Amino acid sequence: MASGPGSPPMAQSSMAGSGADGFFRKPKDLAGSSRYYRPPRSLPDVCPKEPTGDARGLCEGPSVVLDQHQWTVYNSKVNLPAALNDPRLSKRESDFFTKTWGLDFTETEVMPSFYLPNITAEHFSAYLQDTAQREKIHERCKNICPSKDDLSLSSITNNHDKAKEELEQVPKIFMRPDFVLNDPATFNAVLPWSHFSVAGGKNSRDGASSRLLQEKLSHYLDIVEVSIARQISLRSEAFFHAMSSQHELQDRLRETEVAVVTLRARTAAMQRVMCRGPLQALRDAVTRSNCAKLHGKLKLMAAVQQTQPTVQLLLSTSEFVGALELIATTKEVLQQELQGIHSFRHLGSQLCEMEKLIDKMMVADFTTYSRSDLNRSFEDDSQVLEKDRLQSLVFGLLRQRKLDFLDIYSEEMMQAAKGIVRQCVLRSVSQIEEIDTEAVVKVQDQMRLMTFAQWFELLQNVFEHFVLFLTRIKATLNVIRNVVLEVLDSCQRNRLVDASSAAAHGNCGENEDEDEEDSGSSGLRPGEAELAYLTHEGLFISDALNEAERRSSTATQAKAQTRAETSGSDSASGTTESSSSREQTSNTTSSLPTGGTISIEDLMPSDLELGRVANNIQELLYTASDISHDRCVKVLLAKAKDGSLERLSSAEFVCVSRAVEGFVKDTEALCSRRSVSLRGALQSQANRFVHRFHEERKTKLSLLLDTERWKQAEVPAEFQHLVDSIADGHITLPERKPAGTEDKKPSDFLLVDGQKYAVVGTVLLLIRIFLEYCQCVNDIPSITTDMLTRLSDLLKHFNSRSCQLVLGAGALQVVGLKTITTKNLALVSRCLQLVVHYIPIIRAHFETKLQPKQYSVLRHFDHITKDYNDHIAEISAKLVAIMDSLFEKVLSKYEVKAPMPSLCFRNVCKQMAKMHEAIYELLPEEQTQMLFLRINASFKMHLKRQLSRLGVINDGGPQHGLVVVDVAFYTENVQALRSLERLDLNMPEIWEQKR
């Protein structure tokens, strides 16, 4: 049995020790041991509920001073080796850890500790060198004097064999671990009743059996006792050593017990002398704090009691925002600070009723404000009526989440719009003496009795009033929108301030924890002054209390600063509250705690709701624009009901259109809304106007064409100026100049981009007509598509009718012409070319007035251009056909004989000269040359055919010579004509090519 650390040292031989007392003592190597010596560190206490050094756990565990003589559950200890090596289990549990903490908790290789050195044989070299000499002496002594155990080994072996033989004489039943005499079977086996008589008497045989049994059992007992004594004698030294160790341990335990009792007595004295007084001081401080809190509660109750009179005073001055803020603050104080007070049990419901009453009062006041603002006189220059009152009302309605106040404003806006039209009509009718208001009662009938000038003045007056009306509405809605956006911005800034303050407090808490760990100073939270004396490391308890009080005041100042920042941001959003409201509520709210007030983001609608209100404000402005347009449509339709607008002249309708377009643009600039109702009504009237406009000009053009004699007309200077303005990019009708201001004489041709155009009078008027169409589109952009279609129809009508009259010879019957001459054909062709020249200009002008999705209607101009070009080509073909028939008739009689030049060729040249004379002044040189080239090709074809029929070939014979003379005469005469000098006639083509 190993000796404990407190056992006495074992005796050694005199040769093995060097001490005088005969005991061997190991010398202490201070230099060597200090190298690897580490101071002992206390292990952490694993008891779950035993109090540790935390100040909060001091009141949870038993008191060491008061409960020192009482056993508690904290006295029980169980170590892990004892739990793992439970002797009651048949084998050690292999899943002791995994069944509780999972399969991952398995035995793993333990990493070597960084704090323990790697021990090798070199670390023991110094020790082995010191003990080498003594080890040699010990080995020599062991060889000379064998140990006691070696000397008695043989005797011990013999005694053991003898004891074993003797123990074998004892029955095995006595050696069984479950040997109990209480068991009947065991008792019968040890004491057999068969040796005793069952009869009541005794005999000598029974007595002998009992003595024999007693001697046998005594013999067994002696054998066991001798065996036990032998074993004790063999281990006597171990027994004596254990007993001496036990006595020493008991002595030390008694000394420890005395020390513990002394320590606890001193601790109890310290508690009685040093702690009782400070604890009483803490109790007094807590009592004083409670009294101060009670006084504060009483003051708070007095302030709350004055809430109702203050609210009534604020309502008497229409300070709804201040009253609502006071009610909200009071309700919060009742819920948090004064909850459960019997005298205020009905105040909460009373405040709720007052809040509902304020809601109704605010809605009624907003309705009154809207009505007075929208119906006030237009002579008032101010755009917003009582701006502070409006801001206060909107802020209060938002605070109470009355988000439907815009519907009230919309209803009042509709009624005001109706009143504007009625007032304008009554004012205009009152100035017209011809209208009897008693006989004509209805406003619509009164408007129909007005002349155009009177009605147009009324329309302009209505437009002006509605522009002012929308301007005021926009200004009012801008004030409302600014309040909503200001509240939204304030709520967002408050959330950012709260987030930043929370992050700052978190950082401060982390810094305080780091300071506690680094410096070891006691970090007290506000409200934990009761534990300050337990965790303070200074010399005096008063220092701990002062430090706790100082830290508490610092935390209070930080909170007050945060609240001040929050209230400052709230005041920024609450600029709509008037100064009088803040002055009246200052006396009452100053008595209320700042921590009990509700933040503005808790009272105001959410960001989504505020954003929806802002969108509704814009939609309300759009609605105002639509309402204004609808009322103006009523005015327009009331006048157009009897068809008076259809009978307007172009200038009058253009004036109406310009007035409507100006009003629409003004409303679009104000409201950013393109209302379509007024434009639609104007478009409907414009369609009727366009139909009448187009029919008048189409009829006029038809009459001009039916009376046209297709002769070249003189071009007045007015039309030349009109064409020049078009060339300059002015697609409009020029202003009429007074008579006598123009001294220029008419010219024979119309100069367009440096080219001369011989035209008829109808074409000049046609140019003016399509300029009227363009001017109408400029004045009324909404009728562009309709006007384009009508202009296309007009151009088609001119093309088709001119074709019928000239190419179709309709002018012979309509006008009474004798024949359609080549000059008539050339003049028509030139007129058509002039129209084709202006079609791209007209197309570009209309394209600027169309939307990109309407560009498809421009294809009408492409079709018209194609039709006109086809018509021009047909006229050219007609001119060639006239000469072709002449060539066929003349050349069919051609004979190759003298005299030369022949009569046939003379006639041909004469007709060519007449053709040139007819068209030269009308067509440009390029077209004249192209036309004569085609005529020359026709001539060569017929001449070639006639020569082939006559059998004349270019063989240099007499007939060939005669033909050459005629051809030379023809060439000379054709090239003698003006602008045909360089014309390549290519006459050798008349001869058949030799094969």
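**Close-up views of a predicted model**

View 1. Over residues 594–598, pLDDT stays under 50, and the model has twelve contacts beyond four places in sequence for them. Keep in mind that this is a predicted model. Another stretch to treat the same way is residues 519–542, where pLDDT also stays under 50; here the model has 38 contacts beyond four places in sequence. Where pLDDT is low, the predicted coordinates should not be read in detail.

**View 2. The whole chain, for orientation.** Zooming out for a moment, the chain has 995 residues, and 34% of them count as buried. There are 32 helices and two strands to find your way around. Taking the contacts with a separation of 6 or more, 78% come from residues 24 or more positions apart. As for confidence, the mean pLDDT of the chain is 77, with 75% of the residues at 70 or more. Helix α1 (residues 30–36) has the lowest confidence, with a mean of 41, while α29 has the highest, at 93.

**View 3. Helices α26 and α29 side by side.** Here are helix α26 (residues 784–807) and helix α29 (residues 859–891), whose axes come within 10 Å and cross at roughly 10°. Angles under 35 degrees count as roughly parallel, so α26 is roughly parallel to α29. On the α26 side, the residues making the contact include Leu788, Leu795, Phe798 and Leu807. Across from them, α29 brings in residues including Phe861, Ile864, Tyr868 and Ile875. Sorted by class, this contact of α26 with α29 has nine nonpolar, five polar and four charged residues.

**View 4. The largest nonpolar core.** This core has 193 residues. Which residues have the most contacts inside it? They are Trp455, Phe469, Phe846 and Tyr970. Helix α16 (residues 452–519) supplies the largest share of the core, 19 residues.

**View 5. Around Tyr970.** Leaving aside residues up to four places away in sequence, Tyr970 touches Phe905, Val908, Cys909, Met912, Asn936, Phe939, Leu985 and Met987. Tyr970 is also one of the residues with the most contacts inside the largest nonpolar core.

**View 6. Two cis peptide bonds in one loop.** Go to the loop between α29 and α30 (903–919), where Pro899 is found. The peptide bond leading from Ala898 to Pro899 is cis, and its omega is near 0°. Pro901 lies in the loop between α29 and α30 as well. Met900 and Pro901 are joined by a cis peptide bond too, this one with an omega of about -5°.

**View 7. Two serines with a positive phi.** Ser672 sits in the loop between α22 (650–671) and α23 (677–707). Its phi is positive, about 55°, although Ser672 is not a glycine. Ser979 is found in the segment after α32 (958–975), and its phi is positive as well, about 70°, again without being a glycine. Ser979 has a relative accessible area of 12%, so it is buried.

Technical notes:
Residues numbered from 1 in each chain as written. Predicted model: local features only at pLDDT ≥ 70, side-chain atom pairs only at ≥ 80, totals over all residues. Heavy atoms only, no water. Axes fitted to C-alpha atoms, helices over the stretch in contact; angles between N-to-C directions. Helix = DSSP H or I, 4+ residues; strand = E, 2+ residues; numbered from the N terminus. Parallel < 35°, antiparallel > 145°, perpendicular 65-115°, else oblique. Contact = heavy atoms within 4.5 Å. Nonpolar A, V, L, I, M, F, W, Y, C, P; charged D, E, K, R; others polar. Core = buried A, V, L, I, M, F, W, Y, C linked by side-chain atoms within 4.5 Å. Buried < 20%, exposed > 50% of the residue type's maximum accessible area, 1.4 Å probe, protein only. pLDDT = per-residue confidence, 0-100.
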